[in-house]
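Good morning, and thank you for coming. Today I would like to take you through one structure, step by step.

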Amino acid sequence: MNTQQEEQVDRHICANCGGTIKWNIAKQRLECASCRTPYEVRTTVERVEEHDFAGYVQREGERVSFPETSVIACGGCGAHIAVDDTCTATVCPMCGSTQLLERRQEAGVPPDGVIPFRIDQDTAQQNFSRWVKSRWFAPNRLKQAYQAGKLQGIYLPFWTFDACVTSHYWGQGGETYVVEDKDGNRDTRIRWFPVSGVVEGSYDDLQVCATLHEASQVVEKVLPYNTVDNTTPFSSSYLSGFLAERYAVPATEAVETARKQVYSDQEQQAERDILSRGYDRARVSSLDITYHTLTYKHVLLPAWTSAFAYNGKQYMYIINGESGKVGGQRPYSIPKIVAAVGAAVAVVVGAVLLLTGAAAPGAAAADQPDALICQMESPWQSWDNDMIELT
Ligand SMILES: [Zn+2]
Ligand SMILES: [Zn+2]
């Protein structure tokens with residue numbers, strides 16, 4: 001290829017036919033969507049690099065993200081979505097708003113790595129249809145709105161953190177013993193002893209979603225991604241034909257979430273350390289963590305999303321583009337739940353009547369009572385999030 005052709009390929013234009021070069025999910029390679037000519041993914045770095053967190057603030061200020069794309073700001077939720085020439089967004093993939101404003105490029109930390117899409121749109125749609133069918137308590141009109149929603153492929157922004165730590169802890173180890181009074185009543189009591197010690201830990205790729213708060217709650221439901229094994233060096237080639245959200249949460253904020261994960265793991269290790277000394281109870285009262293290393297990287301992870309408004313509320317669902325796991329938000333239909341409770345009560349009453357020998361002609365009307373009862377776990381969290389895992 002000559003220089004001019006290389007420049008075209010960089011802009012995702014096929015040197016052979018002028019078609020668009022896109023990531024072929026089924027073949028896991030880059031190729032022309034028209035003539036199927038395969039292309040090498042061209043990256044500027046050879047491997048996915050971890051950066052020392054101490055240098056983050058300076059790096060945030062001096063670099064530019066998403067080369068050769070423009071960023072659109074959503075007037076609804078404030079998400080910043082990167083689009084290339086081959087892809088135009090008409091609705092915000094994070095909230096369903098049509099108020100999209102074109103923005104210029106912004107400075108930021110460019111992605112270090114990416115997991116290319118592994119789940120194609122058809123598979124994502126099938127997984128999603130199964131998910132909707134299992135939501136029997138959602139209002140029918142919402143189900144229809146869900147089904148009509150078009151899936152958009154989007155790369156979601158994440159920070160991952162690696163850390164090596166040592167923790168000094170102070171706490172108590174407990175020994176249980178039994179006392180018996182003069183009437184022979186036995187009572188179990190605990191005798192506490194002060195303990196302290198040291199535990200260590202090393203962490204690889206603690207994942208923190210850097211999308212907007214509302215959306216990140218849905219994203220949480222489709223985690224984890226296998227960033228340890230499947231992250232490849234970033235290239236804008238992977239973004240061709242997809243959207244990409246610019247991070248809304250800087251690493252300086254995301255690191256606090258990662259530190260909390262480290263804290264709770266170190267606390268559990270300290271408890272195990274106390275128990276290993278022969279105590280049967282453990283309490284950790286304080287923990288002093290020293291970070292020997294703390295590094296981060298910025299990765300883009302694939303997802304299929306659809307977002308829309310229904311009865312004045314926003315709904316969003318996400319299908320993990322690597323694993324196919326589905327997560328979403330939806331309301332419960334109160335009439336359906338009331339009907340289910342009624343049916344379940346009718347079955348119980350019917351069973352009692354049968355057992356006592358009385359006729360119970362109404363009981364047969366209740367349909368699949370076991371299924372109804374077992375899905376009644378928390379019907380009154382009426383606007384709660386929901387998910388199931390699909391394998
Ligand atoms: Zn071509
Ligand atoms: Zn939006």
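Predicted model: local features only at pLDDT ≥ 70, side-chain atom pairs only at ≥ 80, totals over all residues.

The protein chain contains nine helices and 16 strands. Of its 391 residues, 33% are buried. Among contacts with a separation of 6 or more, 72% are between residues 24 or more positions apart.

Let us turn to the sheet. In general, strands of a sheet pair through backbone hydrogen bonds, in a parallel or an antiparallel manner. Here we have an open sheet of three strands in the order 1-2-3, and the pairing is antiparallel. Strand 1, residues 21-24, and strand 3, residues 38-39, are the edge strands, each pairing on one side only. Strand 2 covers residues 29-32 and is joined to strand 1 by four bridges. Across this pair, Ile 21 stands opposite Cys 32, and Lys 22 stands opposite Glu 31. Strands 1 and 2 form a hairpin with four residues between them, and Gln 28 in its turn has a positive phi of about 50 degrees.

Next, the interior. Nonpolar side chains in soluble globular proteins tend to be buried together. In this model the largest nonpolar core has 66 residues, and Met 94, Tyr 155, Leu 156 and Leu 301 have the most contacts inside it. Both domain 1 (1-40) and domain 2 (47-331) supply at least three residues to this core. A second, separate core of seven residues includes Tyr 169, Val 195, Ala 270 and Ile 274. Which residues does Leu 156 touch, leaving aside those up to four places away in sequence? They are Cys 209, Thr 211, Val 219, Glu 245, Leu 300, Leu 301 and Ala 303.

I come last to the backbone. Most residues other than glycine have a negative phi, and most peptide bonds are trans. Arg 36, in the loop between strand 2 and strand 3, has a positive phi of about 65 degrees. Is Arg 36 buried or partly exposed? It counts as partly exposed, because it has 13 C-beta neighbours inside 10 Å. Asp 205 also has a positive phi, of about 55 degrees, and is found in strand 10, residues 186-209. With 19 other C-beta atoms within 10 Å, Asp 205 is partly exposed, since a buried residue needs 20 or more. Finally, a cis peptide bond joins Leu 223 and Pro 224, with omega about 0 degrees. Pro 224 lies in the loop between helix 5 (213-220) and helix 6 (227-230).

Thank you for your attention.

Conventions. Residues numbered from 1 in each chain as written. Chains lettered and ligands numbered in written order. Pairing = 2+ DSSP bridges. Helix = DSSP H or I, 4+ residues; strand = E, 2+ residues; numbered from the N terminus. Core = buried A, V, L, I, M, F, W, Y, C linked by C-beta atoms within 7 Å. Buried ≥ 20, exposed ≤ 12 C-beta atoms within 10 Å, placed from the backbone. Domains from an automatic or database assignment. Contact = placed C-beta atoms within 7 Å.
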